[in-house]
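Subject: The structure, and what turned up in it

Hello,

Here is the structure I promised to pass on to you. Have a look at it first, and then read on for my notes.

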Amino acid sequence: MIANDLSKFVSYCKKIQPQTQEDIKQFFEGVIAFPYDKELLLQAYLFLNIKTLFPSCYELLLFEKSPIADYTDLGKCDFVYLTFQGSLFLVETKFIDTEATGATERKRRNKHRNKVFEQVITLKSRFGHYWDIRPEQLECGVFTTDSEIDWRGNCINVITKSISIDSLEKWRRTYKQTHQP
C-alpha cells in the first residue's frame, strides 16, 4: 500500500465510522458502567489500554465494521488501527470463559481459541486482497481472557495478549471508581 492508498482507506473509514476517538472513548466508558456484555467489556479494556497492549497502535479507524466495503458476509473486524509506522493493525477479541469446568467447557474453550485465530488470519487475507495491501503492511493481534492463547500466535505472526477474567473485573471496578463522576 502506498501513502495515497492508505489515505483512501482512512477516508473510507472516516465515512463509515465518523465518530471521534473521544466519542468512542465515551461509548466504552459507558460499557464499563453497565457491563451487560462481557465481550464489550473486554473490548473496552482493549480500547482504553491500547498503548500498553499493542504500543504500535496510533488511531482507531474501525470498530466492529467490515473493512471490506459493505461485505459484512466476509467478516467484521473488531478493531482496525492505524499504527505509528503507517501500517494497519487488525485486532480480534474473544471473551473465553476460563472459569467454567468440565470436558464440554474445555472443548468450547479450545473451539473459541481456534476461532479467534482463524478470524484474524482470514480477515488479514481478505483485507489485503480487497485493498491491495502487502502482507507486511498488515499486522494482526488477538486479545482474550485466556492466557492459553499467548504462545499460539508465535508461529503464525499474530501478536497475542490476554487478561484474566478476575483482573478484568478488578480493572472495571477501579476504572469506574476513578473515572466516573
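On the H3 side, the residues in the contact are Leu 41, Leu 42, Ala 44, Tyr 45 and Leu 48, and they meet Leu 168, Glu 169, Trp 171, Arg 172 and Tyr 175 in H6. Sorted by class, that contact of H3 with H6 holds eight nonpolar and two charged residues, with no polar ones.

Before going further, please keep in mind that this is a predicted model. The mean pLDDT over the chain is 84, and 88% of the residues reach at least 70. If you go through it element by element, helix H1 (residues 3-16) has the lowest mean pLDDT, at 75, while helix H4 (residues 50-53) has the highest, at 96.

H6 (residues 165-179) also packs against H2 (residues 21-33), here at an angle of about 115 degrees and with the axes 9 Å apart. That angle makes H2 roughly perpendicular to H6. The crossing of H2 and H6 is again a left-handed one. Lys 25, Glu 29, Ile 32 and Ala 33 are the H2 residues involved, and their partners in H6 are Trp 171, Arg 172, Tyr 175 and Lys 176. The class count for H2 with H6 is four nonpolar and four charged residues, and no polar residue.

H2 and H3 pack against each other as well, at about 135 degrees and with their axes 9 Å apart. This pair is therefore oblique. H2 passes H3 in a left-handed crossing. From H2 come Gln 21, Ile 24, Lys 25, Phe 27, Phe 28, Glu 29, Val 31 and Ile 32, which meet Leu 40, Leu 41, Gln 43, Ala 44, Phe 47 and Leu 48 in H3. The contact of H2 with H3 has 10 nonpolar, two polar and two charged residues.

**The chain as a whole**

The secondary structure consists of six helices and five strands. Their order along the sequence is α-α-α-α-β-β-β-α-β-β-α. Of the 181 residues in the chain, 47% are buried. Taking contacts between residues at least 6 apart in sequence, 61% of them join residues at least 24 apart.

Which residue would I point you to in strand E1 (residues 57-65)? Glu 64 lies there, and its phi is positive, about 55 degrees, although the residue is not a glycine. Glu 64 counts as partly exposed because its relative accessibility is 28%.

The other one is Glu 139, in strand E4 (residues 138-144). With a relative accessible area of 24%, Glu 139 is partly exposed. Setting aside neighbours within four places in sequence, Glu 139 is in contact with Ser 56, Thr 83, Ser 87, Leu 88, Phe 89 and Leu 90. Ser 56 and Glu 139 are 83 residues apart along the chain, and 10.0 Å separates their C-alpha atoms.

Best wishes

Note on methods:
Residues numbered from 1 in each chain as written. Predicted model: local features only at pLDDT ≥ 70, side-chain atom pairs only at ≥ 80, totals over all residues. Heavy atoms only, no water. Axes fitted to C-alpha atoms, helices over the stretch in contact; angles between N-to-C directions. Helix = DSSP H or I, 4+ residues; strand = E, 2+ residues; numbered from the N terminus. Parallel < 35°, antiparallel > 145°, perpendicular 65-115°, else oblique. Left-handed = near helix turned anticlockwise from the far one by under 90°. Contact = heavy atoms within 4.5 Å. Nonpolar A, V, L, I, M, F, W, Y, C, P; charged D, E, K, R; others polar. pLDDT = per-residue confidence, 0-100. Buried < 20%, exposed > 50% of the residue type's maximum accessible area, 1.4 Å probe, protein only.
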